[in-house]
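This report describes selected features of the protein model displayed here.

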Amino acid sequence: MKKLLLMSTLICAPAVVAHNDNDSTVSFNNEQCNVEFKNDVRIKPDELEIFTANKQTMQFNTNGNLTINGESVALNHSQQKALTQYSDSLRTQLPEVANIALEGVKIAGVALQEVANAFNIDGLDNISSLMDDIKLEVQNTFYQQDTFVMGQQSFNQFGENFEQQFEQQIESAVESAVMQSMGSILVALGSELLGSGGDMQAFEQRMENMGTQIEEKVEQHADALEKRANALCENFANIAKQEEQLVVQVPELKGYQLFSFKQN
């Protein structure tokens, strides 16, 4: 999960969304919530499916029918209503993870463009193309043939792909752009130095001010993204509570919860 939201935490530090290396779960942590994502989910236009690590499955469709491991489970009106509300909560909240990751890529692109404009760096076409590849990877991780997919397997798949394909490519693309534009960068630095009258202290202050201006532009977007990450964490905690109540109403759902509260 840490790799998945790397781009969204590149500029800001949203309430920690981190991979827990001590077990096979994914943790969402901040001061307001502390929950673990433990099962996988597929959300289709007409069906919700949750499956466990040992391939046990539950399916609930828009007609109000519940099936567990291929066997139909009879529901009364109250149980059906509770399951429908739960399904609607997942349909609304879970895709926000993908939206936050995509917005993080956008923010990273804004930051790179601001730096490029400040130092007249050309050759950012490769970086822009790479950002597009990352966006596509996020989309393909979460959306597969009109189905929203989320779970440990999805996180691991994206993390491996990001580490293997993108980290080195981002570094290489940035280095290439800088090398191609070294002349322009030196001219820009020289202009800033001349604008400071040759005073190195004044030059350093001008460069610091420039960095502050760029940071302020990016932080406006980053702050909004951080608030969304915090809100999402709180919403997941609310869903975890909803699941606890749902299992009481429908005992057959025990073991199929997506979230659990992490024990401190």
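Strand β5 is covered on both of its faces: Glu-47, Glu-49 and Phe-51 on one side are buried, as are Leu-48 and Ile-50 on the other. In a regular strand the side chains alternate between the two faces of the sheet. Because 5 of the 5 residues of β5 are buried, this strand is largely enclosed by the rest of the structure. The model under discussion is a predicted one.

**Sheet and neighbouring strands**

The open sheet is formed by 7 strands with antiparallel pairing, arranged in the order β8-β7-β6-β5-β4-β10-β9. Its edge strands are β8 (71–73) and β9 (143–144), each of which pairs on one side only.

Strand β5 (residues 47–51) pairs with β4 (residues 40–44) in the antiparallel sense, over 5 bridges. These two strands make a hairpin with 2 residues between them. Within this pairing, Lys-44 has Glu-47 of β5 as its bridge partner, and Ile-43 is partnered by Leu-48 of β5.

Strand β5 also pairs with β6 (residues 57–61), again in the antiparallel sense and over 5 bridges. Here the bridge partner of Glu-49 is Gln-59 in β6. The hairpin of β5 and β6 has 5 residues between the strands, and in it Lys-55 adopts a positive phi near 70 degrees.

**Salt bridges**

| Salt bridge | N to O distance |
|---|---|
| Arg-42 and Glu-49 | 3.4 Å |
| Lys-44 and Glu-47 | 3.8 Å |
| Glu-96 and Arg-228 | 2.8 Å |

Glu-49 counts as buried, since its relative accessibility is 9%, and the cut-off for buried is under 20% relative accessible area. Lys-44 and Glu-47 are bridge partners in the sheet, and their side chains also meet in a salt bridge. Of these two residues, Lys-44 is partly exposed with a relative accessible area of 29%, whereas Glu-47 counts as buried at 17% relative accessibility.

The salt bridge of Glu-96 with Arg-228 has its closest N and O atoms 2.8 Å apart. This pair links distant parts of the chain, with Glu-96 in helix α2 (residues 95–119) and Arg-228 in helix α6, 132 residues apart. Glu-96 counts as buried at 18% relative accessibility, while Arg-228 is partly exposed at 29%.

**Helix α6**

Is Ile-214 buried or exposed? Ile-214, which lies in helix α6, is buried because its relative accessible area is 15%. The C-alpha atoms of Ile-214 and Leu-112 are separated by 9.8 Å, although these residues are 102 positions apart along the chain.

Which residues gather in a patch of negative charge on the surface? The patch brings together Glu-215, Glu-216, Glu-219 and Asp-223. One of these, Glu-219, is placed in helix α6 (residues 200–249). Glu-219 counts as partly exposed, because its relative accessibility is 33%.

Key. Residues are numbered from 1 along each chain as its sequence is written. This is a predicted model: local features need pLDDT of at least 70, side-chain atom pairs count only at pLDDT 80 or more; totals for chains, interfaces and linings use all residues. Side-chain values use heavy atoms; hydrogens and water are left out. Patches are made of residues with over 30% relative accessible area and no salt bridge: like charges are joined within 9 Å, nonpolar side chains (Val, Leu, Ile, Met, Phe, Trp, Tyr) within 5 Å. Accessible areas come from the Shrake-Rupley method with a 1.4 Å probe; for residues, only the protein chains shown count as cover. A salt bridge is a side-chain nitrogen of Lys or Arg within 4 Å of a carboxyl oxygen of Asp or Glu. Lys and Arg count as positive and Asp and Glu as negative; His and the chain ends are not counted. The place of a charge is taken as NZ of Lys, CZ of Arg, CG of Asp or CD of Glu. Helices (H or I, at least four residues) and strands (E, at least two) are DSSP runs, numbered from the N terminus. Buried means under 20% relative accessible area, exposed over 50%, partly exposed in between (1.4 Å probe, protein chains only). Two strands pair if DSSP finds at least two bridges between them.
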